Amino acid sequence: MEKKQERITQVRKDAHGRLTEFKTNTGKVYDYEMACEAIENGQISNAELITNRSGSRVIKGKNNEALDDLKEF
């Protein structure tokens, strides 16, 4: 049985405006590392991981979807 993918629908930011937590359409909340793992495992459909110039993993919205613009929770 295929597991249905989740979508990030809301975000939480720290005092510097960095994304720190992600809430999906199922109500599940992921911290940054948990979200990275879920994206790698194909559990989240509207985000992808990229590696920036400094070698850090960054969560980015797919298809020009800006996760920064999502509603905060």
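Ala47 touches Ile8, Ile39, Ile59, Lys60, Gly61, Lys62 and Leu67, with residues up to four places away in sequence not counted; contact here means heavy atoms within 4.5 Å. The model is predicted, and local features need pLDDT of at least 70, side-chain atom pairs count only at pLDDT 80 or more, while totals for chains, interfaces and linings use all residues. Residues are numbered from 1 along each chain as its sequence is written, and side-chain values use heavy atoms, with hydrogens and water left out.

Ala47 also has a bridge partner, Gly61 in β5. Strand β4 (residues 47–51) pairs with strand β5 (residues 57–61) in the antiparallel sense, over 5 bridges. Strands are DSSP runs of E with at least two residues, helices are runs of H or I with at least four residues, and both are numbered from the N terminus. Two strands pair if DSSP finds at least two bridges between them. The hairpin of β4 and β5 has 5 residues between the strands, and in this hairpin Gly55 takes a positive phi near 95°.

Beyond β5, the loop between β5 and β6 holds Asn63 and Asn64. Asn63 has a positive phi of about 55° although it is not a glycine, and Asn64, also not a glycine, has a positive phi of about 60°. Asn63 counts as exposed at 76% relative accessibility, and Asn64 counts as exposed at 79%. In these terms, exposed means over 50% relative accessible area, buried under 20%, and partly exposed in between (1.4 Å probe, protein chains only).

β6 belongs to an open sheet of 4 strands, which has the order β3-β2-β1-β6 and mixed pairing. β3 (29–31) and β6 (71–72) stand at the edges with a single partner strand each, so one side of each is left without a neighbour in the sheet. Within this sheet, β1 and β2 pair in the antiparallel sense over 5 bridges, and Val11 stands opposite Phe22 in β2. The loop between β1 (8–13) and β2 (19–24) contains Asp14. A polar atom of the Asp14 side chain lies 2.9 Å from the backbone nitrogen of His16. Asp14 is partly exposed, with a relative accessible area of 26%.

Helix α1 lies across β2 and β3 and runs at about 105° to β3. For such angles, axes are lines fitted to C-alpha atoms, for helices over the stretch in contact, and the angles run from 0 to 180 degrees between N-to-C directions.

Phe22 and Tyr32 form a tilted aromatic pair, 5.8 Å centre to centre with 55° between the planes. Rings of Phe, Tyr and Trp (its six-membered ring) pair if their centres lie within 6.5 Å; planes under 30 degrees apart count as stacked, over 60 as edge-to-face and the rest as tilted. Phe22 lies in strand β2 and Tyr32 in helix α1 (residues 32–40), so the pair ties together parts that are 10 residues apart in sequence. Phe22 counts as buried at 0% relative accessibility, whereas Tyr32, at 23%, counts as partly exposed.

Ala47 and Phe22 meet again in the account of the core. Of the 14 residues in the largest nonpolar core, Ile8, Val11, Phe22, Ile44, Ala47, Ile59 and Leu67 touch the most other members. β1, β2 and α1 are the elements that give two or more residues to this core, and α1 gives the most, with 4 residues. A nonpolar core is a set of buried Ala, Val, Leu, Ile, Met, Phe, Trp, Tyr and Cys residues joined through side-chain atoms within 4.5 Å.

Methods. Polar contact = N/O pair within 3.5 Å; in protein donor to acceptor, adjacent residues only side chain to side chain.
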